[in-house]
Amino acid sequence: MLRVLFFSAMLICPACHRGRMFRSRFTMNVRCPVCGIVFERGAGEFSGGMAINTVATSSVAVTGAALAFFTDMPVWLLIATLTLVSVVFAIWFYRYARALWAGILYLTGSIRED
């Protein structure tokens with residue numbers, strides 16, 4: 001289980017551990033270029049990756065908001081900083097969230113080698 005999630009987090013196919021899951025920064029391969037497994041079979045399966053990204057980004061924002069209790073930073077600067085950090089983090093984490101969701105789908109049997 002941890003091995004599959006590790007390879008998914010490294011953006012490598014959870015089934016064969018060799019194929020790349022993404023062909024560009026924001027474009028996920030439909031199939032693994034090595035083993036041919038389909039990463040997302042259903043029309044709405046990408047929503048799990050969006051949920052992972054939302055939870056992770058919210059966690060970053062809440063952690064950053066906790067700084068309000070420990071610093072004398074002006075509120076407007078704190079809000080601007082948290083907004084910028086949250087947007088940048090969400091964009092950066094996009095691929096990893098989608099790949100982790102594909103790994104979870106593989107572990108649950110929703111995607112399998114044909």
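Reply: One definition to begin with: a disulfide is a pair of cysteine sulfur atoms within 2.5 Å. Keep in mind that this is a predicted model.

Me: OK, how many disulfides does a search of the whole structure find?
Reply: The search finds zero disulfides.

Me: How far is the sulfur of cysteine 16 from the closest cysteine sulfur?
Reply: The distance is 3.7 Å, and the partner is cysteine 32. That is too far for a bond, because a disulfide needs the sulfur atoms within 2.5 Å.

Me: And what about cysteine 35?
Reply: Cysteine 35 is in no disulfide either. Its nearest cysteine sulfur is that of cysteine 32, 3.7 Å away.

Me: Is cysteine 16 buried or exposed?
Reply: Cysteine 16 counts as buried, because its relative accessibility is 15% and buried means under 20%. Cysteine 35 has 31%, so it counts as partly exposed.

Me: How much of the chain counts as buried?
Reply: Of the 114 residues, 33% count as buried. The chain exposes about 7000 Å², and carbon and sulfur atoms supply 70% of that area.

Me: Now H1. Which residues are buried there?
Reply: In H1, residues 2-9, the buried ones are Val4, Phe7 and Ser8. They fall within an arc of 105° seen down the axis, so they line one face of the helix. Leu2 and Arg3 are exposed on the other side.

Me: Why would residues a few places apart share a face?
Reply: An α-helix has 3.6 residues a turn, so residues three or four places apart point the same way.

Me: What do the buried residues of H1 pack against?
Reply: They pack against H3. Just after H1, leucine 11 takes a positive phi of about 65°.

Me: And what do the buried residues of H2 pack against?
Reply: Helix H3 again, residues 75-108. The buried residues of H2 include Gly48, Asn53 and Ala56.

Me: What span should H2 have?
Reply: At 1.5 Å a residue, its 19 residues should span 27 Å. The end C-alpha atoms are 26 Å apart, which agrees.

Methods: Residues are numbered from 1 along each chain as its sequence is written. This is a predicted model: local features need pLDDT of at least 70, side-chain atom pairs count only at pLDDT 80 or more; totals for chains, interfaces and linings use all residues. Side-chain values use heavy atoms; hydrogens and water are left out. Helices (H or I, at least four residues) and strands (E, at least two) are DSSP runs, numbered from the N terminus. The expected span of a helix is 1.5 Å times one less than its number of residues. Buried means under 20% relative accessible area, exposed over 50%, partly exposed in between (1.4 Å probe, protein chains only). Contact means heavy atoms within 4.5 Å. The arc is that of the directions from the helix axis to the C-beta atoms. Accessible areas come from the Shrake-Rupley method with a 1.4 Å probe; for residues, only the protein chains shown count as cover.
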